[in-house]
Amino acid sequence: MSSCRFKYMFVAYSASITGWKYCRPLIVVDGTFLKGKYKGTLFVACAKDGNNGIFPLAFGVGDWDNNLSWEWFMSRLKETFGNRNDVLCIVSDRHQSIERAIKLVFKETAFHGVCTFHFKQNIKARFKKAGAGELFESAARAYRKEDFDYFMAKLGELSPKIREYVLEEDPRRWARCFYPCRRYNAQTSNIAESMNSALKKARELHIVSMLELLREKLQTWFVERTKAANEVMHDLTPWANEKLQKILQKAFQMKVETLTLSRFNITENQREFIVDLENRTCTCRRFEHEELPCAHTIAAIDKRKLPKHPFCGRWYLNSEYKETYKGVIHPVGNEDDWDIPEEIREIILKHPNYKVRKGRRQKERYRPSSENYVAKRKCGRCKQLGHTRKVCIKTPIANAGSKRKSFEDA
């Protein structure tokens, strides 16, 4: 009877694999620590569906958050989801192990973009200069190079050292106007971190219990979103439709000049933009970056009296949204009914080679000084936030023999 130790694990449900081809070619990855007896790291890979919701792709468990673990996880990720013709964009924080793994595994088939939120927090923590983070974020989100140059010049006026520090990182990895592929509206790795937060309780469990809780959560999400997609009566997803509705009034106020049947000159606040409906471009560059019509494009579409949904990327169509969640995540069933090969049944899987440390286990991640976080105090008596039991005035003191009295007893 053979035995081995647990080291790595990779999970991707069939429903996620089939639904991935209806999502934008964008993957956000992140890692977080497990809170169980043997520690370890939980790896998460997510995408965005046509309704701008989190679409879970894959999960992994490794012994450490290091080069080998990330390389192993990225290899499994490429085997499972790397067979699309689109140029893939992978977004994460500036973790060196993630960057190294993407270069080694995906090579030229994927581009690595860094999370602008974490980059901004690094700038704030390193230089502590008021306004620097906001100028960097404006430069990172600029659609046109002219706007990027303007904000970077302002940043240089504020602090040449900060501008030099920012440009040490290749702008193609964080500045929207220089992206070599579409990154859509995913400037940060927040969706992967949101997934980590949703699994906060699950990370305290034994790995088998964690996987079952994860399966139940994904099963619920798929059912709820399938129901929501079937209730939509228009062509676009609710998020895409709402986004277009918000800029309709702005589009109607623009001056439109017809150049050809597909090209238009749009004037907004004395600035001119050229829209090409045939090639789906606008000189503001928002249309081509997000594959959703900008206000200038809507003005041109309205001039031709055409429907708007044919000019949106296929990801935003409600028909594609339905297909995204068409797969079913089944329960694992009774263990007695499992068909396990005999050679697998004979394997004894031992716990990871990790020395369990004494003391209370870590429950919360270590927060860097760059995060503006204020701990919430919770009273041990009345269970309300904002004070501790030492100054609580809402309940009597438990020890009647104490000289201290509560405010209500005074």
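**Cavity and pocket in a predicted model**

The largest cavity has a volume of about 40 Å³. This is a predicted model, in which local features need pLDDT of at least 70 and side-chain atom pairs count only at pLDDT 80 or more, while totals for chains, interfaces and linings use all residues. Residues are numbered from 1 along each chain as its sequence is written, and side-chain values use heavy atoms, without hydrogens and water.

On a 1 Å grid over the protein atoms alone, a cavity is a set of points where a 1.4 Å probe fits but cannot get out, a pocket is an open set with protein on both sides within 12 Å along at least five of seven lines, and lining residues have an atom within 4 Å of a point. Points are joined across faces, edges and corners, and the volume is the space filled by probe spheres set on them.

One cavity of 30 Å³ or more is found in the whole structure. The lining of the largest cavity consists of M9, L42, F59, L199, A202, M210, L211 and L214. Its residues are eight nonpolar, no polar and no charged (nonpolar: Ala, Val, Leu, Ile, Met, Phe, Trp, Tyr, Cys and Pro; charged: Asp, Glu, Lys and Arg; polar: the others, Gly among them). Helix 9 (residues 207-230) gives the most to this lining, three residues; helices (H or I, at least four residues) and strands (E, at least two) are DSSP runs numbered from the N terminus.

The second largest pocket has a volume of about 1000 Å³. Of its 35 lining residues, F6, H206, I207, V208 and L349 lie nearest its centre. Strand 2 (9-11), strand 5 (54-62), helix 9 and strand 12 (348-350) each give two or more residues to this lining, and helix 9 has the largest share, six residues. By class, the lining of this pocket holds 18 nonpolar, six polar and 11 charged residues.
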